[in-house]
Amino acid sequence: MPSPDKVNLAFAFATFSDHWSPRVAADLNGQQVKLVKFKGAFDWHHHDHEDELFLVHRGRFAMEFRDRSVELREGEFLVVPRGVEHRPVAEEEVEVILFEPASTLNTGNVRSVRTVDTPRRL
């Protein structure tokens, strides 16, 4: 079994610059820790079988739901339950850590140019 390595978030986020393209930072118990940068508005979507946790590392963004919007700042997180339609919106670039099942497709029930079938690893 390989020895675990630590992840420095500032360094890891500095290794990529594209938006809406998650990178896998770690695997644990069928889940993945993904790092992603947001800017602008994402696609409306939902996940039939997966909950998603969004933790803000740097910056801020709004998670829009059909009936409300929740603003998230550095150090705050939100769990979007499976089946709930949502879209993240960031006026400025934001760095976000995602915790979700490894099978989670970033665009959920929608396929678009932003769909990432196999996220790259850091």
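Start by selecting R66 and W44: R66 lies over the face of W44, at 3.8 Å from the ring centre. A charge counts as over a ring if NZ of Lys or CZ of Arg is within 6 Å of the ring centre and within 35 degrees of the ring normal. This is a predicted model, where local features need pLDDT of at least 70 and side-chain atom pairs pLDDT 80 or more, while totals for chains, interfaces and linings use all residues. Residues are numbered from 1 along each chain as its sequence is written, and side-chain values use heavy atoms, leaving out hydrogens and water.

Now select K37 and F16. Here K37 lies over the face of F16, 5.2 Å from the ring centre.

Next, the aromatic rings. The whole structure holds six aromatic pairs, a pair being rings of Phe, Tyr and Trp (its six-membered ring) with centres within 6.5 Å; planes under 30 degrees apart are stacked, over 60 edge-to-face and the rest tilted. Select W20 and F42, a stacked pair with 4.7 Å centre to centre and 25° between the planes. W20 sits in the loop between helix 1 (9-14) and strand 1, and F42 in the loop between strand 2 (31-41) and strand 3 (52-58), so the pair ties together parts that are 22 residues apart in sequence. Helices (H or I, at least four residues) and strands (E, at least two) are DSSP runs, numbered from the N terminus.
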